[in-house]
Amino acid sequence: MSKVLIIGACGQIGSELTFKLREIHGAENVIASDISHSNLDIVNSGIFEIVDAQDYSSVKTCVEKHKIDTVYLMAAMLSATGEKYPMKAWDLNMNSLFHILNLAKETLIKKIFWPSSIAVFGPTTPRDNTPQHTVMEPTTVYGITKQVGERWCEYYYKKYNVDVRSIRYPGIISWKTLPGGGTTDYAVEIYHKAILEKQYQCFLSENTKLPMMFMDDAINATINIMQAPSDTITIRSSYNLAAISFTPRQIAEAIKAHITEFAISYAPDFRQEIANSWPRSINDSSARTDWKWRHTYDLQSMTKEMISQLKQKYATSSEELS
Ligand code: AKB
């Protein structure tokens with residue numbers, strides 16, 4: 001039976017991944033960890049450890065204590081926060097990856113999932129139907145760490161036979177846990193504000209098109225690539241992954257179909273430049289061929305689900321979006 005550790009389990013993707021992995025492997029075989037108890041749903045619903053992803057001995061102690069063989073490294077500083085704290089982003093994103101790669105090199109763990117991002121691409125990359133292999137000159141610190149991380153993943157696979165698997169996540173949209181510090185965060189905030197205030201001021205301009213995905217699809221992709229036989233994983237840097245692409249204006253229109261009074265306004269800030277440097281749509285044919293990736297949600301079905309889940313959530317809690 002596999003013993004799984006999720007590092008960064010309190011975050012937006014880490015929390016939903018933890019719930020799914022507990023379903024698959026059994027709660028007793030899945031250890032959630034983070035640097036603090038910031039998500040009580042995760043902390044109180046299974047085994048939880050405080051782990052500092054930047055501290056090798058903290059990670060190693062947890063791996064040894066629970067006889068972990070598989071690690072999902074979900075801790076990272078995202079694009080917008082990374083521009084405010086460049087060195088912190090570099091340290092967190094790179095140190096945490098090296099610790100896990102080295103634990104696998106030393107055969108303490110067998111398998112790694114490490115997320116990359118569409119942020120590996122930059123302004124010189126073809127922006128539509130962006131190929132798997134293309135020009136990559138990222139201009140954000142986050143994008144640089146993800147691009148460098150991809151190179152190291154491939155290096156450890158080729159040189160030390162480390163079984164590391166990765167996908168380049170687009171913006172991920174979910175209703176359970178808020179994202180923190182990304183450029184695509186607007187596409188989550190907009191739903192909360194639509195329900196609470198019937199209006200939203202977007203920090204990107206109305207026609208800024210970016211690749212996005214509903215959380216359920218992102219979790220399925222993550223589980224699928226980890227369950228795929230090793231010889232089907234032909235890319236050991238990171239796979240392009242796509243579902244939908246839309247602009248702030250298009251998501252606002254989709255919301256208006258459910259909340260007719262909803263109004264959007266635009267006040268682009270420093271995140272606009274980041275978004276302008278990223279692809280508008282992604283070619284993910286390698287993932288679709290190699291490990292049979294398929295997405296389920298489009299903009300309309302995702303919007304329906306987001307609105308219905310958030311309406312229930314706010315009806316039963318006093319939670320408010322800060
Ligand atoms: C971000 O906006 O920084 C992230 C990402 C696309 O990786 N959501």
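Strand β4 and strand β5 (residues 111-113) pair in the parallel sense over three bridges; strands are DSSP runs of E of at least two residues, helices are runs of H or I of at least four, and both are numbered from the N terminus. Pairing requires that DSSP find at least two bridges between the strands. This is a predicted model, in which local features need pLDDT of at least 70 and side-chain atom pairs count only at pLDDT 80 or more, while totals for chains, interfaces and linings use all residues. Residues are numbered from 1 along each chain as its sequence is written, and side-chain values use heavy atoms, with hydrogens and water left out.

Strand β1 (residues 4-7) also runs parallel to β4, joined by four bridges. Opposite residues in these pairings include the following.

| Residue | Opposite residue |
|---|---|
| Val4 | Thr70 in β4 |
| Val71 | Ile112 in β5 |

In a regular strand the side chains alternate between the two faces of the sheet. From β4 (residues 70-73), Thr70 and Tyr72 point one way and Val71 and Leu73 the other, and all are buried, that is, under 20% relative accessible area with a 1.4 Å probe, protein chains only.

Helix α8 (residues 215-227) has 13 residues and should span 18 Å at 1.5 Å a residue, which agrees with the 18 Å between its end C-alpha atoms. Its buried residues include Met215, Ile219 and Met226.

No disulfides, meaning pairs of cysteine sulfur atoms within 2.5 Å, are found in the whole structure. The sulfur of Cys10 lies 13 Å from the closest cysteine sulfur, in Cys62, too far for a bond. Cys10 counts as buried because its relative accessibility is 7%.

Technical notes:
The expected span of a helix is 1.5 Å times one less than its number of residues. Buried means under 20% relative accessible area, exposed over 50%, partly exposed in between (1.4 Å probe, protein chains only).
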